[in-house]
Amino acid sequence: MGTLFLKNIILDGKPVDISISGGKISRIRPSGAEVPPSGAEISDCTGRVAMPAFVNMHTHAAMTLLRGMQEDVVFYRWIENIWDMESRLDADVIYNGTKVAALEMIRTGTCTFNDQYWYALDAHRAAAEMGIRPAISFVFLDFGKPDEIAKQKDICQKMYEGSRNWTDGSLFTVSCHAVYTVSAEVFQWAKDFCRKHDLRLHIHLCETRKEVEDCKAAHGGLSPVEYLDRLGVLDDKTIAAHCLWLSDEDVEILGKRRVNCVHNINSNLKIASGIRFRYNELRDAGANICIGTDGCASSNNLDMLEAMKTSAIVQKAWREDPTALPLPELLNAATINGAKALGLDTGRIAEGALADILIIDTDSSFFLSPAPFLSNFVYSAHSNCIESVIAGGRFVMKDHQIEGEKDILSSARGVLGKIIKPS
């Protein structure tokens, strides 16, 4: 891995030079204070701004190939139709769909994503080839069937053993889909497995009102949060996507256990799952709050900048409080909070951190006013202001160019026919 030298780039409002070596940020000095290291690839970033790359904390990456195929459908009909289409997926579809997702994430500034989908090894291969960092899950979805439980435990163990040979910085995680698709036995086994091997557990939690009502009916009045807490599943290495339909007691539990709660606003709005994500309450209780896009079958894109803007303005609207979710906290939710959830030193631009950096072109009308950069970046600009992306110390997009983009799209078009149900 070579050495990069970002010359005269703006960081926190001041021009600096950033040296990158071994995949990490090695030095940050005032612009012109040092001679570039011998042999370094020098990029003149005059007029550009450095930002930490995004950490997308909840995705189903290969759903890029299911984008737009289930619109204007209520959630439980939507998920049944999605499951039907997913029954025709294979390793080739997942590989190509994940490549498209990685292409889109690079272009919109994401270098790390937390995925929950099928054919995990093929998804890992696709992301690794693109140069970004996935947290890849084995997904439990057993519906309480004993044969499935035994089979899935075995596959999970074998997949974990295989992941120990990964050398590209990718993470292996375990997913339990939801309380209505995964048995108590599997939730507990999966959490014990995660604790034994220091892995993250990734779940959907309290996504819809019906999920909460059905859980209470099935488990003696316990909400999904209370039910999983009784099972011993919730802690600071649990990543819980959605967390929409929460009581005060649920918020207290999630905060006490330091759970990583992922807000997926565009998906929630699109499928009408809910609108009142209790950001303030969860934050104050002690939960670690992150942002995700969810999969493209519901959110339709993987653009974290769009998700940030929508997250903030919806918080302000339903609370009738324009001070809700201020910009510094919003940026943390999209970057360093996700890194914390995954146990990674990224989401920040500092010496010693992983070199995941966005280079922003501010030569446009969106940045013309003297307003603070972050205000214009989040509320005015679009992700096409991201000119270049460095992931793990190397350029994965430079001057808006991504190597192999046309071939990736062409290959993905070739597998789309497998998704359509035969007439």
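Analyst: A charge sits over a ring if NZ of Lys or CZ of Arg is within 6 Å of the ring centre and within 35 degrees of the ring normal. The model is predicted, so local features need pLDDT of at least 70 and side-chain atom pairs count only at pLDDT 80 or more, while totals for chains, interfaces and linings use all residues. Residues are numbered from 1 along each chain as its sequence is written, and side-chain values use heavy atoms, with hydrogens and water left out.

User: What lies over the face of Y95?

Analyst: R125 does, at 4.0 Å from the ring centre. Likewise, K398 lies over the face of F395, at 4.7 Å from the ring centre.

User: How many aromatic pairs are there?

Analyst: Rings of Phe, Tyr and Trp (its six-membered ring) pair if their centres lie within 6.5 Å; planes under 30 degrees apart count as stacked, over 60 as edge-to-face and the rest as tilted. By this rule there are 12 aromatic pairs.

User: Why is the pair of F54 and F377 called stacked?

Analyst: The ring centres of F54 and F377 are 6.5 Å apart and their planes meet at 20°, so the pair is stacked.

User: Why is F54 called buried?

Analyst: Buried means under 20% relative accessible area, exposed over 50%, and partly exposed in between (1.4 Å probe, protein chains only). F54 has a relative accessible area of 1%, so F54 is buried. F377, at 0% relative accessibility, also counts as buried.
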